[in-house]
Amino acid sequence: MHSHGHVLRALVQRAVASDRRPPSTLVLQIGAGLLLVFVALASLGVSIPGWGWTLILSAMASIFGVALAYSSWQKRRAFHNIEQAHQWCRLMDVPATSENLERCLSSRNCPEPVRVIGLVELGHICLSAGQSLDAEKAFEAALKHSHRLGPDWLWRAEVGLAEAKLRCEQLTDANTTIKRLSQRELPACWRSRVHLVTCLQGLHMGRAQDVVARSNELWHEFRQHLGVEAGYGYGLLAVALDRCGQAAKALKFWSDATLLIRPERLVQRYPELRPLALKYGASEWPW
């Protein structure tokens, strides 16, 4: 993961810098230029036959149409790149995610809604690569434009920022963000993701016993609402149980986790799980 650190850091820097620049106005500039040419010819009383005017106007319309088509194509490509980045980010493929994000985040022609979503994805792939400070910068840049984000993307950004703050040891800020999210009326799947971060918070703050006290309740909640990603929750619960000396139950939860997600991906996403991967091994996949 460290080999990707410089690539992600540079991408965050370019994306944040590009976010501060005004969007491209190429189409408007071309349209204004064509209109000025038309007005200038008319005001000078240039003697041009009717077919000449038709030719000029057709050429102007064609140029303006090409500019509009190019702008529309760029927008479609940007949305496609972000969709691809989201899929690769879920698989924690850092090079593929970075490549797709690079194609639009560094460009002034990237539509504003796409850019903000891209910053959220960039934050999450930075978390997967262990680049917590860069993740924090990406999430904060996205949240400056929170009005551009739908509810799911907004919660994704805020949950990601809470984790980034935890990993950067900004525990007070992380606690504030987590508390704010916990007090909201969130859909069940997002409430469960907040509880994932709460488990991580407990481990970082030395309160593994608090996580253990809710381990059975959280196991059922993760299973019901997180699908395959419940494996991450089971892994965090297993760490808490192991730290509290409940090895048999920790092994059971770790087995559940590795049935859903391979150990290397569990450890990549949550380095806190590395001791369990070394201690307990992994379940044999039935397929």
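Mentor: Fine. This is a predicted model. Start with the largest cavity: its lining residues divide into four nonpolar, four polar and two charged.

Trainee: Which residues lie nearest the centre of that cavity?

Mentor: Q74, R77, A78, R103 and C104, out of 10 lining residues. The elements giving two or more residues to this lining are α3 and α4 (94-105).

Trainee: Which of them gives the most to the lining of the cavity?

Mentor: α3, with four residues.

Trainee: What volume does the largest cavity have?

Mentor: About 70 Å³. A search of the whole structure for cavities of 30 Å³ or more finds one.

Trainee: How does probing show empty space at all?

Mentor: A probe the size of a water molecule is rolled over the atoms, and that shows where space is left empty.

Trainee: Changing topic. How many helices and strands are there in the chain?

Mentor: The protein chain has 15 helices and zero strands.

Trainee: Pick a helix and check its length. What should α6 span?

Mentor: α6 covers residues 132-143, which is 12 residues. At 1.5 Å a residue these should span 16 Å, and the end C-alpha atoms are 16 Å apart, so the two agree.

Trainee: Which α6 residues are buried?

Mentor: S132, D134, A135, E136, A138, F139, A141 and A142 are buried in α6.

Trainee: And over the whole chain, what percentage counts as buried?

Mentor: 44% of the 287 residues. The accessible surface of the chain is about 14,600 Å², with 59% of that belonging to carbon and sulfur atoms.

Trainee: Last one. Of the contacts between residues at least 6 apart in sequence, what percentage join residues at least 24 apart?

Mentor: 67% of those contacts in the protein chain.

Note on methods
Residues are numbered from 1 along each chain as its sequence is written. This is a predicted model: local features need pLDDT of at least 70, side-chain atom pairs count only at pLDDT 80 or more; totals for chains, interfaces and linings use all residues. Side-chain values use heavy atoms; hydrogens and water are left out. Buried means under 20% relative accessible area, exposed over 50%, partly exposed in between (1.4 Å probe, protein chains only). Contact means heavy atoms within 4.5 Å. Accessible areas come from the Shrake-Rupley method with a 1.4 Å probe; for residues, only the protein chains shown count as cover. The expected span of a helix is 1.5 Å times one less than its number of residues. On a 1 Å grid over the protein atoms alone, a cavity is a set of points where a 1.4 Å probe fits but cannot get out, and a pocket is an open set with protein on both sides within 12 Å along at least five of seven lines; lining residues have an atom within 4 Å of a point. Grid points are joined across faces, edges and corners, and a volume is the space filled by probe spheres set on the points. Ala, Val, Leu, Ile, Met, Phe, Trp, Tyr, Cys and Pro count as nonpolar, Asp, Glu, Lys and Arg as charged, and the others, Gly among them, as polar.
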